[in-house]
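Please open the structure in a viewer and keep the selection tool at hand.

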Amino acid sequence: MVAPPLALVFGPLTVLVISMLLIVAAIAWLRMHAFFALFFAAIFVGLMTALGQGGAGRFAQAVESAMTEFGVAAGKIGFTIAIAAVIGVALMESGAADKIIRRFIAVLGEQRAAPVLELVADSLGTAGDRYV
């Protein structure tokens, strides 16, 4: 008797929970960058889904599908990310990021410097990371 595919035995919610645990474990214990942890989890979900299918090349197709969809998503947001990076570097190089931080600290007070730095770093992206 042939055993049923693992994805069908576990079910979609179990595959989701396992993939979430995989992400947390990769980030927390393996110290993997979140981008790569998410990418490997997407491949894992594709492979688990391929277990429920038949046919030759199903696992290769699962990995190819994850990579193709990543490319589509990156293509849709790539220009926005590039422009944001250029603006962040311009703010940092021109001194505007420093001026924004100093203005926030002047308004909110030095006792709130840590939350101010976090707020500005989140607002400016990587431009504020050197201050945190």
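Begin with Asp 98 and Arg 102: because these residues lie four apart in helix 5, about one helical turn separates them. Helices here are DSSP runs of H or I with at least four residues, numbered from the N terminus. The model is a predicted one, in which local features need pLDDT of at least 70 and side-chain atom pairs count only at pLDDT 80 or more, while totals for chains, interfaces and linings use all residues. Residues are numbered from 1 along each chain as its sequence is written, and side-chain values use heavy atoms, with hydrogens and water left out.

Display the side chains of Asp 98 and Arg 102, which meet in a salt bridge at 2.9 Å, N to O. The term denotes a side-chain nitrogen of Lys or Arg within 4 Å of a carboxyl oxygen of Asp or Glu. A search of the whole structure finds one salt bridge.

Next, select residues 96-108, the whole of helix 5. Just after helix 5, Gly 109 has a positive phi of about 95°.

Now turn to helix 3 (residues 34-50) and helix 4 (residues 58-94), which pack at an angle of about 140° with axes 8 Å apart. Axes are lines fitted to C-alpha atoms, for helices over the stretch in contact, and angles run from 0 to 180 degrees between N-to-C directions. Helix 3 is therefore oblique to helix 4; angles under 35 degrees count as roughly parallel, over 145 as roughly antiparallel, 65 to 115 as roughly perpendicular and the rest as oblique. Among the residues that meet are Phe 35 and Phe 39 in helix 3, and Arg 58 and Phe 59 in helix 4.

Finally, select helix 2 (residues 12-28), which packs against helix 3 at about 150°, with the axes 9 Å apart. This angle makes helix 2 roughly antiparallel to helix 3.

Methods: Helices (H or I, at least four residues) and strands (E, at least two) are DSSP runs, numbered from the N terminus. Contact means heavy atoms within 4.5 Å. The expected span of a helix is 1.5 Å times one less than its number of residues.
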